[in-house]
Amino acid sequence: MTFPVTAVVFAAQLVVVVADGVPDINYERGCRASAAADASLGIVVNDQSIGACMAQEKNARDKLVQQWAQFPPSEREHCEREAALGQMPSYVELQTCLQIANETKTLPKLQSFIRKSSSLK
């Protein structure tokens, strides 16, 4: 029995979507780099502050694992790129970006904020 080509293509797209999960981010490196940057500014850094950073990152990742499928693929891709800016990728940055993208969907339409003039004089 043969399957129609469209069914195969559709099934392949489902596999890609299902396989697309939360990216793997080395957040320990980012927490240590952030602590080093703080130390260079004279901010006191210790193992507890690095541990707190790592706990925040792990918590953000755990929440993203639960919510990942709720976000459209285009938003996930955009926010993955944004979270990697500055060469210190972060689950907290990724989570924040996705939350902002989700919340902007409920904003009022732009024309309610801006009144256009009828003509220039």
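**Note on the disulfides, core and confidence of a helical chain**

1. A search of the whole structure finds 2 disulfides. Counting bonded cysteines along the chain, the pattern is 1-2, 3-4. A disulfide is a covalent bond between the sulfur atoms of two cysteines.

2. Take Cys-31 and Cys-53. Their sulfur atoms sit 2.0 Å apart. The link is left-handed, with -80° about the S-S bond. Cys-31 belongs to helix H2 and Cys-53 to helix H3, so this pair ties together parts that are 22 residues apart in sequence. Cys-31 has 3% relative accessibility and counts as buried. Cys-53 is at 19%. The cut-off for buried is under 20%, so Cys-53 also counts as buried.

3. Now Cys-79 and Cys-97. Here the sulfur atoms are 2.1 Å apart. The torsion about the S-S bond is about -70°, so this disulfide is left-handed. The pair links distant parts of the chain, with Cys-79 in helix H4 and Cys-97 in helix H5, 18 residues apart. Cys-79 is buried at 0% relative accessibility. Cys-97 is buried too, with a relative accessible area of 7%.

4. Which residues make up the largest nonpolar core? It has 12 residues: Val-22, Ile-25, Ala-60, Leu-64, Trp-68, Phe-71, Cys-79, Ala-83, Tyr-91, Leu-94, Cys-97 and Leu-98. Helices H3 (47–67), H4 (73–83) and H5 each give two or more residues to this core. H5 gives the most, with 4 residues. Both cysteines of the Cys-79 and Cys-97 disulfide are on the core list.

5. The structure holds 1 aromatic pair. The ring centres of Tyr-27 and Tyr-91 are 5.9 Å apart and the planes meet at 65°, so the pair is edge-to-face. Tyr-27 is in helix H2 (residues 27–40) and Tyr-91 in helix H5, so the pair ties together parts that are 64 residues apart in sequence. Tyr-91 is buried, at 0% relative accessibility. Tyr-91 is also a member of the largest nonpolar core.

6. Look at Trp-68 and Arg-76 together. Leaving out residues up to four places away in sequence, Trp-68 touches Asp-20, Gly-21, Val-22, Pro-23, Arg-76, Glu-80, Leu-94 and Leu-98. Arg-76 lies in helix H4. Is Arg-76 buried or exposed? Arg-76 counts as buried, at 4% relative accessibility.

7. On the overall fold, the chain has 5 helices and 0 strands. The pattern along the sequence is α-α-α-α-α. Of contacts between residues at least 6 apart in sequence, 68% join residues at least 24 apart. Of the 121 residues, 20% count as buried. The accessible surface comes to about 9,500 Å², and 59% of that belongs to carbon and sulfur atoms.

8. The chain averages a pLDDT of 79, and 74% of the residues score at least 70. Where pLDDT is low, the predicted coordinates should not be read in detail.

Methods:
Residues are numbered from 1 along each chain as its sequence is written. This is a predicted model: local features need pLDDT of at least 70, side-chain atom pairs count only at pLDDT 80 or more; totals for chains, interfaces and linings use all residues. Side-chain values use heavy atoms; hydrogens and water are left out. pLDDT is the predictor's confidence in each residue, from 0 to 100. Rings of Phe, Tyr and Trp (its six-membered ring) pair if their centres lie within 6.5 Å; planes under 30 degrees apart count as stacked, over 60 as edge-to-face and the rest as tilted. Buried means under 20% relative accessible area, exposed over 50%, partly exposed in between (1.4 Å probe, protein chains only). A nonpolar core is a set of buried Ala, Val, Leu, Ile, Met, Phe, Trp, Tyr and Cys residues joined through side-chain atoms within 4.5 Å. Contact means heavy atoms within 4.5 Å. Accessible areas come from the Shrake-Rupley method with a 1.4 Å probe; for residues, only the protein chains shown count as cover. A disulfide is a pair of cysteine sulfur atoms within 2.5 Å.
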